[in-house]
Amino acid sequence: APAAAVVPAQMPARAIKSGFAGGRSLFGSWSVSAARAAQSDTNLLFTKYSIPLAQSANQTLFSIAASAAGTGRIGYGLHFFASGERSGNGYGFGSSFLVWLTRDPGYYGTDAMYVQLYQSFDDVNMVQLASAAVPGASINRSNKTDVLYDKNSRTITVMVNGDVAFTFGVSMPIQRGDKIALRTLGAPVTFTDLQVKTN
């Protein structure tokens, strides 16, 4: 079946989190209000801003918009279903998943933006699960990313600017998480429109 087929006609609609209030900076130079979160340190490779949030629903939809300034290799993303981290300044972030938008001309040989999915096992070890180019998108402009986790089908569907990038099947159901976290690499990044919804 095509990837788009797993996106339900009725997306989760009950908001359990809106905006950035109530979190804390773990690593980086963050300026945060309810409506936006901005990270300004361009030298750090894995800044993080953590927000407590209980996650355990059968379907959870994570949505965020962001834009990055600067040139070269830069990126940003959102850890979800996170728990058990011990520090915020490592490559990983406890037990979690990470949706990641990046431009890496040195690696890809192009200025195209890619969206990726990672699984973090602890604060050190993280593996890439999926990756796709996002045609016509620029990481320097605002991009809206939606991540739908469906516990019954054990799928994570990632959408960028309304289009499905990929669906990934996880081997074990993700039962719960107790926080989410914003993350940046090598660029000033401004996040807006954070929403988490369940069914």
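Is Asp178 buried, partly exposed or exposed? At 39% relative accessibility, Asp178 counts as partly exposed, because buried means under 20% and exposed over 50%. The model is a predicted one.

Side chains of opposite charge can pair when their charged atoms come close. This structure holds four salt bridges. Asp178 takes part in one of them. Its partner is Lys179, and the closest N and O atoms are 2.5 Å apart. Lys179 is buried, with a relative accessible area of 13%.

Turn now to Glu85. It sits in the loop between strand S7 (74-83) and strand S8 (95-103). Its side chain meets that of Lys179 in a salt bridge of 3.1 Å, N to O. Lys179 belongs to strand S14 (residues 177-185), so this pair ties together parts that are 94 residues apart in sequence. The two side chains also make a polar contact of 3.1 Å. Both residues are buried. For Glu85 the relative accessible area is 18%, so it falls under the 20% cut-off. Beyond residues up to four places away in sequence, Glu85 touches Phe93, Gly94, Asp123 and Lys179.

Asp123 comes next. Its place is the loop between strand S9 (114-120) and strand S10 (126-133). Asp123 is buried yet has no salt bridge. Leaving aside neighbours within four places in sequence, the contacts of Asp123 include Glu85, Arg86, Ser87 and Gly90. Tyr91, Gly92, Phe93 and Gly94 are also among them.

Another salt bridge lies between Asp146 and Lys144. Their closest N and O atoms are 2.7 Å apart. Asp146 is buried, at a relative accessible area of 10%. Lys144 is partly exposed, at 41%.

The aromatic rings come next. A pair of aromatic rings is described by the distance of the centres and the angle of the planes. The count here comes to 11 aromatic pairs. One of them joins Tyr76 and Phe191 edge-to-face, with 5.8 Å centre to centre and 85 degrees between the planes. Tyr76 lies in strand S7 and Phe191 in strand S15 (residues 189-198), so the pair ties together parts that are 115 residues apart in sequence. Tyr76 is buried, at 2% relative accessibility. Phe191 is buried too, at 1%.

The rings of Tyr107 and Tyr108 have their centres 4.9 Å apart and their planes at 90 degrees, so this pair is edge-to-face. Tyr107 is exposed, with a relative accessible area of 63%. Tyr108 is partly exposed, at 25%.

Some rings form a group. Phe62, Phe80, Phe81, Phe97 and Tyr149 are linked into a cluster by ring pairs. A charged residue also meets a ring: Arg183 lies over the face of Trp100, at 5.8 Å from the ring centre.

One last stop is Val164, in strand S13 (residues 163-169). Val164 counts as partly exposed, at 31% relative accessibility. Val164 and Ala57 are 107 residues apart along the chain. Their C-alpha atoms are separated by 22 Å.

Key
Residues numbered from 1 in each chain as written. Predicted model: local features only at pLDDT ≥ 70, side-chain atom pairs only at ≥ 80, totals over all residues. Heavy atoms only, no water. Helix = DSSP H or I, 4+ residues; strand = E, 2+ residues; numbered from the N terminus. Buried < 20%, exposed > 50% of the residue type's maximum accessible area, 1.4 Å probe, protein only. Polar contact = N/O pair within 3.5 Å; in protein donor to acceptor, adjacent residues only side chain to side chain. Contact = heavy atoms within 4.5 Å. Phe/Tyr/Trp six-rings, centres within 6.5 Å; stacked < 30°, edge-to-face > 60°. Lys NZ or Arg CZ within 6 Å of the ring centre and 35° of its normal. Lys, Arg positive; Asp, Glu negative; His and termini not counted.
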